There are 4 protein chains.
Amino acid sequence: MIIIMERNASDIQIQKVIDFLKNNDFEIRFNQGQVHTVIDAIGDKTTVTPGRISAFDGVKEVKVIREPFRLASRDRKPDDTVIEFSNGVKIGGGNKPVSMVGPCSIEDDYEGLLKVASAAKEAGCEFLRGGAFKPRTSPYDFQGYGEKALKFMRKAADETGLLTVSEVMDASDLDMMCDYIDVLQIGARNVQNFKLLHAVGKCNKPVILKRGLASTIREFLLAAEHIMYNGNPNVILCERGIRSFDSAFTRNVMDIASIPVIKKYSHLPVIVDPSHGTGQRYLIEPMAKAGLIVGADGIMIEVHHDPENALSDGKQSLPIPMFKDVMTRINRLNENIHYEKNCLSANIG
Amino acid sequence: MIIIMERNASDIQIQKVIDFLKNNDFEIRFNQGQVHTVIDAIGDKTTVTPGRISAFDGVKEVKVIREPFRLASRDRKPDDTVIEFSNGVKIGGGNKPVSMVGPCSIEDDYEGLLKVASAAKEAGCEFLRGGAFKPRTSPYDFQGYGEKALKFMRKAADETGLLTVSEVMDASDLDMMCDYIDVLQIGARNVQNFKLLHAVGKCNKPVILKRGLASTIREFLLAAEHIMYNGNPNVILCERGIRSFDSAFTRNVMDIASIPVIKKYSHLPVIVDPSHGTGQRYLIEPMAKAGLIVGADGIMIEVHHDPENALSDGKQSLPIPMFKDVMTRINRLNENIHYEKNCLSANIG
Amino acid sequence: MIIIMERNASDIQIQKVIDFLKNNDFEIRFNQGQVHTVIDAIGDKTTVTPGRISAFDGVKEVKVIREPFRLASRDRKPDDTVIEFSNGVKIGGGNKPVSMVGPCSIEDDYEGLLKVASAAKEAGCEFLRGGAFKPRTSPYDFQGYGEKALKFMRKAADETGLLTVSEVMDASDLDMMCDYIDVLQIGARNVQNFKLLHAVGKCNKPVILKRGLASTIREFLLAAEHIMYNGNPNVILCERGIRSFDSAFTRNVMDIASIPVIKKYSHLPVIVDPSHGTGQRYLIEPMAKAGLIVGADGIMIEVHHDPENALSDGKQSLPIPMFKDVMTRINRLNENIHYEKNCLSANIG
Amino acid sequence: MIIIMERNASDIQIQKVIDFLKNNDFEIRFNQGQVHTVIDAIGDKTTVTPGRISAFDGVKEVKVIREPFRLASRDRKPDDTVIEFSNGVKIGGGNKPVSMVGPCSIEDDYEGLLKVASAAKEAGCEFLRGGAFKPRTSPYDFQGYGEKALKFMRKAADETGLLTVSEVMDASDLDMMCDYIDVLQIGARNVQNFKLLHAVGKCNKPVILKRGLASTIREFLLAAEHIMYNGNPNVILCERGIRSFDSAFTRNVMDIASIPVIKKYSHLPVIVDPSHGTGQRYLIEPMAKAGLIVGADGIMIEVHHDPENALSDGKQSLPIPMFKDVMTRINRLNENIHYEKNCLSANIG
């Protein structure tokens, strides 16, 4: 931790900071610059957080050197985390990217859902996704069918041989949900709902954590840390767009570069959600490809058997025929990426 | 609701949208421009949301004319909401702005807390604020003392004649908290934690709702709508800074203009929190004043009896002597604002 | 143009707006909703801009239906603009994506520059890029070698068979620059320097226009419109990252989705600059690929023969050996994209 | 300057950085942490910029301790800059805040302009402002009347006893403009048009520099530094809103806190422009007051004798009668602020 003192910090102020750090077993070096005194302190930041130091009079800024996430950090665990399911599907670690597809909300139409699930399976996808509890900006929008939706989902997944993903919004639903769901999802709006993060941290199901609209990459990894710290190492990060100043053509701005950044600093798998990331049907394919080519471990896209009658997010859902075409091209891309990796290994080897 | 069709939308696409709207009892007018067809539809948006229309092929954009919040809207309720407490304190409606002060976290030091409460009372403040459950970006930071903190708070408030404010992070804590707390607070990170909004909507305590780091004003008012729709009309909105591209000197950017904007579109009281809004002690006074002069109904500021040893947010807390000086000037400003209002009334009258 | 009146707009206010529009030969339809009156006006927005209407009392919002750019719009010109150079190189229209490479600043070392140019030519690149005039945030940073740099560039390009690209910062330099440069570049900071846009609009050289840090896509296309309106149809748009709330790991956020968005709404070619877009060497390759796979017509990347001694932007430059490897993989990707397109055409045909 | 090395930086990489710094006469201390090596270097950053160091392999981050602006810095010049005009008007240094008022664009209507100027003088304002050259996002919008507008402005100002302010867009207009104008203005879009900054830096007229839509405070002060470094010490900074994710109710977000921040770090005067900052007539008064109460040295507001027929920005202009009322209250506020300052001095003295 580096402490930069204000230009006019007094010797007494500087000494107070140094004494406090020494009393907390920090090792200190300091440097009297022309203008600012800089204190470099090495020690345990679980007892003395940067925020505490910054409250001392005369402190201009406290700069932490080491990334604040630990369990999520590649420093601690250099090898990729790979999440394996009972049917052999794997996420992460250079395995074939997975595809999670399905309607935004599970609706009261089992046959429709089954059509999507069948198309998904046929196209080589591994997961059926869909919402049972919907976080909605307005209380007047459809809020989801709850457990009934989960039953439909499980049934359609079992019938077609898929795994299931659905969003949890409340810790009290977790036990019930775990009966139906293979992967829990934390939505973007709950990325700092710490009570919920702690609750899924105590579950034995993998968790997809969506980046918040205003989450920095560091905060995003710290949210994962909350889950891991509570005992669950199987976190899958999902880039789904951040808020920017321009929402005229796309709902959010997808931070595609965050994928290789996270891969560098963390061992956790990362997937990409171009449906929510853009809010536009015609951008799903290009942005899924953009995510995959920079190293995403999977994609999550919305598919509906009848988007014009979808109860939510129809605009950003693919109809089934278009979905089939898109998956043909995405599967071809995944093969090319795999070939490219082999070339790389051959070059290195 | 206005539906703008794509440039190349076919007649069939246009007709499908019109038929759907007519079948849902919308009244339709449309206008074939040189380039785009525009459909103007009047009807009930609780059954047909804009999102459903935007899923139709050929639709470029759906523009809602009426603001989507209803209970929170000044259209529906032109008079200011005034929240009155048993001791006569009132928030909103042009009453004297209230002051809510106290430490970020309630710590294991009752005497320290009492010092703050006594100074607050003496300076004319109405509320003691403090955290018992702390939302922390990192799992390694201090998470709050829980119920013990609430007991301290209630005791210090009763001893000095103040009301209490504290943040609720989990619906399961609500019953317990209501024993100690006069005003519940929803933190910025939970502004779209809809389960929690619904839970406090069923409480009979007033709720301070903090604006999320990435909440638009419209989303902020819709979050209030979630609380009100569940039965609780006593929502106090709190501007506490939004995330911007520049956090070198202030943690967030305070959107001071949001206060008069909200006043125009909603009847709810609005307060301002310059401690979290800026993260800098020296900015608390000017930014509190900025909020008050544009019409805020109150301020929330962090005060600590010993900021250098605060367990959280010491950097943005006022020490007691500085706090007393600040309140002297803020009280004087409130008198001037009151005088100005009287001049205005006199001019108008 | 749709005019939405305030909830409480008076009949007189509404009539005033209607009369004004009618007097300016607009065709009017209007719709009295429950709350808001909506006026739909069809006419010539070059004489009556939305801003003028919004100044009328009682107007809440003016919504323009048609995109405000015209010459840049695909509505007006459905076919892709293709820019062809005397040596046969083409940009846009589905031609093989071009590569523009070179140092951030041209330095006082011709041999170094020639090394970069030779490597570029060998790797199949078409353009040598480099700065002669550098826009620098601080006046204390290196500002470029001016005409001397351009002479070096021209010589190295001629020796290797490349075309040249360099940034123009001042209209008074244009004549001189045109002696050396094949493509002029307008930097992100000058995207709304209208005097400069007008000046390059009167040149007969193609212009690369970089997106501003805070440019919306609409403003970006309107900046292109300024150039085209002044007579120069050969504008190449360049996505190079926008400013976001997170700059801890990447300098900017690359808005990769803007590429297919612009392709949908405009016929102009689009290229991508991952060096400035991310500011990180290790992100150049993945983000160049992300741009290409969503349809970019070219890439611009920084290459330096000795990045550790570069006078600017060494951090985001590729050293020559790494550059060669990257180009091998990028060339392979371009072939795959081409193959994919052929499959698409075959499927459609 | 503090250099933080990557976790896995090799000893050779560390040594290369140290050698380079030593060769450039930097004094070095370094600290081998558990994870990262930190190098603290004291020396002249005009020869070795942080960017050069960051290009070395193994460098994670370079942190500059001292603010990069110098001439604009309060470190160098603790006393407020006060700009004095020949008629005795002063800006900065705790003098009575000035008011700069007038239409967005000067139009072809001298009588209208004179009405505004007379009302301004009567209300105690010091400056007539208005645009002769208009930076317009669209080439189809009105671009200003040029020199004719400046003649009108000078005449109306002379007739009423005001000083004049107008925006310069091109260095080649400067000589001509200086015949008519007392204060030059650099618009937000030109805040990093360095050629223009250098040109006004060579003028002997004070310069109002508007903050760019995406300027950080640091970049804003560095833009002022460009002017000062070229010889002109009389820079007035103007906060006029930054771009945020929410533009539904206000065009920009006014960063009111930037005013006391700049006051802390710089000696330059700061004014506030609520017309451009919000784009809404009803927000001009509250946001002008917010700026003044946090310490702004002046306000700039748009006033038009007939806003509904203004050629630009009518929506954000005050009509004359409303302007008079607003100025009455703003003058009263300025007196109160002055009284408050005296109380402060009395308390301290």
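## Buried area between chains B and A

In this predicted model, chain B and chain A bury about 4500 Å² between them, 51% of it on carbon and sulfur atoms. Buried area is the accessible area (1.4 Å probe) lost by two parts on being put together, summed over both. B:Tyr140, B:Lys195 and B:Glu308 supply 18% of the area that chain B buries against chain A, more than any other three residues. The contact (heavy atoms within 4.5 Å) takes 50 residues from chain B and 50 residues from chain A.

Residues are numbered from 1 along each chain as its sequence is written. Local features need pLDDT of at least 70, and side-chain atom pairs count only at pLDDT 80 or more.

## Salt bridges and makeup

Chain B and chain A share 8 salt bridges. Each is a side-chain nitrogen of Lys or Arg within 4 Å of a carboxyl oxygen of Asp or Glu. B:Glu219 pairs with A:Arg243 in a salt bridge, the closest N and O atoms being 2.6 Å apart.

Helix 7 of chain B gives the largest share of the side that touches chain A, 5 residues. Helices here are DSSP runs (H or I, at least four residues), and strands are E runs of at least two, numbered from the N terminus. That side of chain B divides into 18 nonpolar, 15 polar and 17 charged residues. Nonpolar covers Ala, Val, Leu, Ile, Met, Phe, Trp, Tyr, Cys and Pro; charged covers Asp, Glu, Lys and Arg; the others, Gly among them, are polar.

## Helix 8 of chain D

Helix 8 (residues 258-265) of chain D is largely enclosed by the rest of the structure, because 7 of its 8 residues are buried. Buried means under 20% relative accessible area (1.4 Å probe, protein chains only). Among the buried residues are D:Ile259, D:Lys263 and D:Tyr265. Their cover includes strand 4 (59-63) of chain A and helix 10 (284-293) of chain B.

Terms used:
Chains are lettered from A and ligands numbered from 1 in the order in which they are written. Side-chain values use heavy atoms; hydrogens and water are left out. Buried means under 20% relative accessible area, exposed over 50%, partly exposed in between (1.4 Å probe, protein chains only).
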